[in-house]
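This briefing goes through a protein model topic by topic. Please keep the sequence and the 3D view open while reading.

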Amino acid sequence: MKKIIEWDSIEVRGNRSGSKKTTCPACSPDRRNSKDPCLSVNFEKGLANCHHCGAVSFRKDESFKPTYTPPPQDWQNYTNLSDGMVKYCASRGIPQRVLIDFRITEEKQWLPQTNKKENCIVFNYFEGDEIVNKKFRDGRKNFSQSKDGKRMLYNINSIVGAKEVYIVEGEFDVLAMASQGIDNVVSLVNGANDHDDQWVNSQKYLDDVEHFIIAVDNDPKGIEVREKIAHRLGKWRCSYIEWTDKDANGSVMSNNFDSDLTKIVRFPVSGTHTVKDLEAGIFDLHRNGLPKTIKPKHKSFDNVNDIFSVMKGHLVTVTGIPSHGKSNYVEWYVLNLANDHDMKASFFSPEHTPMALHQTNFMQKAIGRNFWKDVDGLPRIKESDISRYTEWANEKLYITAPDRGEVATWEWLIDKFKEQLYSYGINIFVIDAFNKVQMPQGNRLESINDILTKLTAFAQSNDVIIFLVAHPTKMKKKDNTDVYEMPTLYDVSGSADFRNQTHDGFTIHRHFGDEPCTEFASMKVKFQFQGKIGETCKMDYDLPTGRYYEKGTNPPRFDMTIPMEEQILAPAMKPSPSFNTNETFYDIDEEETSTPF
Ligand SMILES: [Zn+2]
């Protein structure tokens with residue numbers, strides 16, 4: 001563990017703000033060059049680190065009310081490790097000096113897996129000199145941790161001020177790396193489970209890191225979490241290691257550690273590429289064919305999937321006449337993508353207030369039943385369904401909204417997206433709608449062009465999909481009728497830029513009259529293999545659930561919140577034409593207004 005300096009003992013010239021360099025209370029008095037400003041102090045974050053002796057400092061925030069309960073701060077009492085524990089760790093290549101350095105302790109702890117008290121090795125999670133969380137592990141790999149501890153990365157003290165940081169999956173890997181002389185390493189709090197909290201709570205320690213080396217386990221779950229971590233942190237500053245053995249600890253034991261460490265691979269990033277950089281991609285195309293497009297998997301999307309699909313890194317513009325259901329359709333489409341492809345989606349739809357009411361729309365679509373009442377033998381959503389939904393949607397769906405007094409400008413929104421990308425690892429951003437974000441002053445067409453450029457750049461460089469809902473500005477009626485023509489991307493906001501800049505796009509158009517239906521029109525796809533530009537298909541709308549499906553087939557009745565194999569699907573049924581619900585719940589967003597706030 002790094003030596004910790006009292007924050008108040010740090011002396012700087014001038015006011016205590018911004019970033020300063022000064023002498024180190026821990027080592028400067030004993031150094032020949034006692035005036036060398038070896039301590040970097042960041043007053044914004046309340047962190048300091050010494051480049052000479054490695055000491056670190058943390059400012060205590062007196063006004064801060066923790067949302068977690070720190071475990072008892074009594075680690076000093078437990079530092080006597082049993083012979084058995086020391087020998088066990090030595091057999092894993094971890095010497096006793098590392099156990100002492102990391103303040104590993106040994107305690108009896110009740111474990112849910114065995115339902116009794118077990119002798120456990122204890123990983124004490126320090127932030128500064130406070131224990132914020134404890135992880136307990138018995139000899140048979142049963143784990144538990146402090147009930148209300150702070151979920152953050154393990155060994156956070158060691159990376160204060162570090163420019164390069166290794167990320168491994170478990171605490172034993174941290175110890176293994178430390179035993180080989182590498183200290184700037186942290187581990188995930190729940191192994192390969194990529195929970196948001198640990199990133200939010202560790203953010204200030206990671207902001208200024210220039211290079212992450214993701215060195216998680218070499219197994220399918222590890223490779224999956226490696227992608228998720230790089231997605232959050234930004235691939236441009238990430239590399240990875242594939243261990244010869246399962247993990248860092250394994251490679252230390254099999255003596256492959258040093259050679260594995262020389263094989264650090266950069267993630268491919270946008271920018272300049274040599275042809276050699278692209279070689280792996282070319283081989284991939286040759287062996288596996290064209291890249292996979294992303295589409296919903298349920299059969300109710302069959303006819304849409306024939307003519308349209310999206311890809312990571314794309315901006316997708318969606319248009320349609322107000323009250324024709326484009327917001328509703330985007331929600332249904334995106335929910336399916338999130339569910340079928342293990343993605344996370346963030347919705348910015350300021351007109352959908354109150355937010356709890358908006359959630360009832362999502363819930364009907366996710367569960368496949370009506371929130372308000374029974375419909376033709378299809379029971380309404382029960383309270384137990386709501387709990388299951390919130391469990392399913394948590395860490396999958398996110399709502400973006402300006403706080404009181406904040407104005408949603410494009411700058412604000414793109415900043416929010418960056419923040420959410422890091423904190424939550426979002427894959428899909430929905431902006432509903434374009435005119436609900438305040439435009440900058442000045443020439444409108446130039447501003448639109450500029451905003452679309454920023455959105456496409458954000459999507460591409462972060463490998464995310466952005467759905468942008470935009471109303472048409474001009475609506476044309478068919479000759480000598482009162483029926484509106486289907487708008488195209490050229491009709492959006494009077495600017496051809498929407499059509500030119502977006503990668504993909506579609507129109508949702510409703511037909512009234514004797515044969516009512518909703519038409520899906522594929523307006524643009526960047527690559528030919530994604531779909532068929534200009535083709536359309538017909539869908540029916542299931543009023544009780546807000547789901548769309550291929551016209552003439554049965555309304556989809558599956559429940560996204562329950563694993564497919566556990567579902568007994570009720571016989572397909574059509575909603576009765578007499579079914580009546582307050583339609584404003586579905587179309588609340590479609591009123592065209594010029595000033596949203
Ligand atoms: Zn020092």
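**Briefing**

Leu-111 sits in strand 6. The model that contains this residue is predicted. Its protein chain has a mean pLDDT of 88, and 93% of the residues reach 70 or more. The chain is divided into three parts: domain 1 (4–58), domain 2 (75–266) and domain 3 (299–587).

**Leu-111 and its surroundings**

- Leu-111 has 17 other C-beta atoms within 10 Å, so it counts as partly exposed; the partly exposed class lies between 12 or fewer (exposed) and 20 or more (buried).
- Leaving out residues up to four places away in sequence, Leu-111 touches Glu-118, Phe-136, Asp-138, Asn-142 and Ser-144.
- Ser-144 is 33 residues from Leu-111 in sequence, while the two C-alpha atoms are 6.4 Å apart in space.

**Trp-7**

- Trp-7 belongs to the loop that runs between strand 1 (4–5) and strand 2 (19–22).
- Trp-7 is partly exposed, because it has 15 C-beta neighbours inside 10 Å.
- The residues that Trp-7 touches, not counting those up to four places away in sequence, are Ser-57, Phe-58, Arg-59 and Lys-60.
- Ala-48 is 41 residues from Trp-7 along the chain, and their C-alpha atoms are separated by 8.3 Å.

**Loops with positive phi**

- Arg-103 is a residue other than glycine with a positive phi, near 55°.
- Arg-103 is placed in the loop between helix 2 (96–101) and strand 6 (105–111).
- Inside 10 Å, Arg-103 has 16 C-beta neighbours, so this residue counts as partly exposed.
- Lys-141, also a residue other than glycine, has a positive phi near 65°.
- The loop that holds Lys-141 lies between strand 8 (130–137) and strand 9 (143–145).
- Is Lys-141 buried or exposed? Lys-141 counts as exposed, because it has 7 C-beta neighbours inside 10 Å.

**A cis peptide bond**

- The peptide bond between Asp-432 and Ala-433 is cis, with omega at about 15°.
- Ala-433 is in the loop between strand 18 (428–432) and helix 14 (444–462).

**Domain 2 and domain 3**

- The C-alpha centres of domain 2 and domain 3 are 40 Å apart.
- In the contact between them, 8 residues come from domain 2 and 7 residues from domain 3.
- On the side of domain 2 that touches domain 3, helix 4 (196–206) and helix 5 (220–233) each supply at least two residues.
- Which helix gives the most to that side of domain 2? Helix 4 does, with 4 residues.
- The side of domain 2 that touches domain 3 has 2 nonpolar, 2 polar and 4 charged residues.

**Helix 4 with helix 13**

- The axes of helix 4 and helix 13 (residues 410–424) come within 7 Å and cross at roughly 120°.
- Helix 4 and helix 13 are therefore oblique to each other, since the roughly perpendicular class covers 65 to 115 degrees and the roughly antiparallel class begins over 145.
- From helix 4, Asp-196, Trp-199, Val-200 and Gln-203 meet Tyr-422, Ser-423 and Tyr-424 of helix 13.
- The contact of helix 4 with helix 13 contains 4 nonpolar, 2 polar and 1 charged residues.

**Helix 11 with helix 12**

- Helix 11 (residues 355–367) packs against helix 12 (residues 383–393) at an angle of about 95°, and their axes are 11 Å apart.
- The two helices, helix 11 and helix 12, are therefore roughly perpendicular to each other.
- Helix 11 contributes Phe-362, Met-363, Ala-366 and Ile-367 to the contact, and helix 12 contributes Asp-385, Ile-386, Tyr-389, Trp-392 and Ala-393.
- By class, the contact of helix 11 with helix 12 has 8 nonpolar, no polar and 1 charged residues.

- Over residues 570–597, pLDDT stays under 50.
- For residues 570–597 the model has 40 contacts beyond four places in sequence.

Notes: Residues numbered from 1 in each chain as written. Predicted model: local features only at pLDDT ≥ 70, side-chain atom pairs only at ≥ 80, totals over all residues. Contact = placed C-beta atoms within 7 Å. Domains from an automatic or database assignment. Nonpolar A, V, L, I, M, F, W, Y, C, P; charged D, E, K, R; others polar. Axes fitted to C-alpha atoms, helices over the stretch in contact; angles between N-to-C directions. Parallel < 35°, antiparallel > 145°, perpendicular 65-115°, else oblique. pLDDT = per-residue confidence, 0-100.
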